[in-house]
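Trainee: I would like to learn how to read salt bridges in a model. Can you take me through some cases?

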Amino acid sequence: MSSNEIFADNVNIGVDSKKTILFNHKKTNNDDTDQSFHLHDMLEIYVYVSGDVDFIIGDSYKTLKYGDILFTFPNELHRPVVKSNKEYERFFITVPVDAFSGFDLCEKSPIDCFLRVKDTEIRAIELSDEERSAFLRILTKISECISEDAENRYLAYSYFLRALYILNKAQSISVPADTNLPPILRDVLAYISKNFAELSTVSEIARHFHVSSSYLSSLFSKHMKVGIKQYLQYKKISGAKIMLASGANVTDVCFECGFNSCSHFISVFKEATGMTPNRYRNFNGPEF
């Protein structure tokens with residue numbers, strides 16, 4: 001088992017202190033890899049280098065190969081599924097959707113390649129072998145210049161713009177899912193994604209697929225590395241964050257996302273996000 005190497009851990013490579021672009025480059029083993037679901041308020045660019053890892057984005061499950069580039073929208077449920085103790089190396093960068101709101105040097109935003117994709121598509125960027133090699137070299141340069149001087153943001157930022165330029169030139173933004181997930185679990189993920197607000201128990205889901213609750217729970221946990229009931233709750237919180245960010249009333253969000261009481265919703269939401277739904281709405285909702 002290899003020792004861990006953290007080349008960059010949430011280093012801000014942005015040049016606007018109010019719009020932090022957090023860069024990460026890590027090489028770890030399974031014992032030290034965070035496999036919990038993530039629900040943050042920014043775009044995330046994820047680049048896989050090595051390991052034995054799959055990745056979940058929403059209701060899509062993808063088996064990863066060298067150089068795969070995935071991205072997630074704000075408040076979209078996602079996580080890696082590490083399947084063995086092989087050395088796991090990856091880059092991931094979180095970018096505010098308004099990170100380039102004042103960037104008027106060209107017609108399109110540097111993150112236009114992400115923003116123009118429909119939220120129903122599988123979000124992966126296909127590069128040629130030559131483009132992928134150039135892209136990975138740039139990410140490595142960012143990591144190296146940060147290691148040499150953590151305050152060297154301008155150089156890191158310029159490299160990041162080069163990386164985005166390559167992604168914006170990519171011909172393919174949406175690609176088919178490549179997965180070894182059992183077909184029933186693919187259907188279960190899609191079913192939960194579409195109906196999470198109406199679902200509350202494992203037995204409801206199992207009944208829909210004509211299998212036992214124990215079988216479905218065991219199969220789900222084996223492949224997803226999380227319980228199906230916990231996954232359902234993550235989906236409800238994800239939906240709630242999106243509604244709150246759009247300015248929806250807390251009570252309406254509570255019941256539309258399938259919670260039976262506001263007190264329970266507030267408790268679960270605070271545990272998952274660190275703040276109450278009302279505070280989250282006030283911080284992230286639209287300005288009126």
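Mentor: Start with Lys83 and Asp54, whose side chains form a salt bridge with N and O 3.1 Å apart. Side chains of opposite charge can pair when their charged atoms come close. The criterion is a side-chain nitrogen of Lys or Arg within 4 Å of a carboxyl oxygen of Asp or Glu.

Trainee: Which parts does the Lys83 and Asp54 pair tie together?

Mentor: Lys83 sits in the loop between strand E7 (78-82) and E8, and Asp54 in strand E4 (residues 53-57), so the bridge ties parts 29 residues apart in sequence. Strands here are DSSP runs of at least two residues, numbered from the N terminus.

Trainee: What should I know about the source?

Mentor: This is a predicted model: local features need pLDDT of at least 70, side-chain atom pairs count only at pLDDT 80 or more, and totals for chains, interfaces and linings use all residues. Residues are numbered from 1 along each chain as its sequence is written, and side-chain values use heavy atoms, leaving out hydrogens and water.

Trainee: Is Asp54 buried or exposed?

Mentor: Buried means under 20% relative accessible area, exposed over 50%, partly exposed in between (1.4 Å probe, protein chains only). Asp54 is buried, at 3% relative accessibility. Lys83 is partly exposed, at 38%.

Trainee: Which residue forms a salt bridge with Lys65?

Mentor: Asp68, with the closest N and O atoms 3.2 Å apart. Lys65 is partly exposed at 42%. Asp68 is buried at 6%.

Trainee: How many salt bridges does a search of the whole structure find?

Mentor: The search finds 8.

How values were computed: Helices (H or I, at least four residues) and strands (E, at least two) are DSSP runs, numbered from the N terminus.
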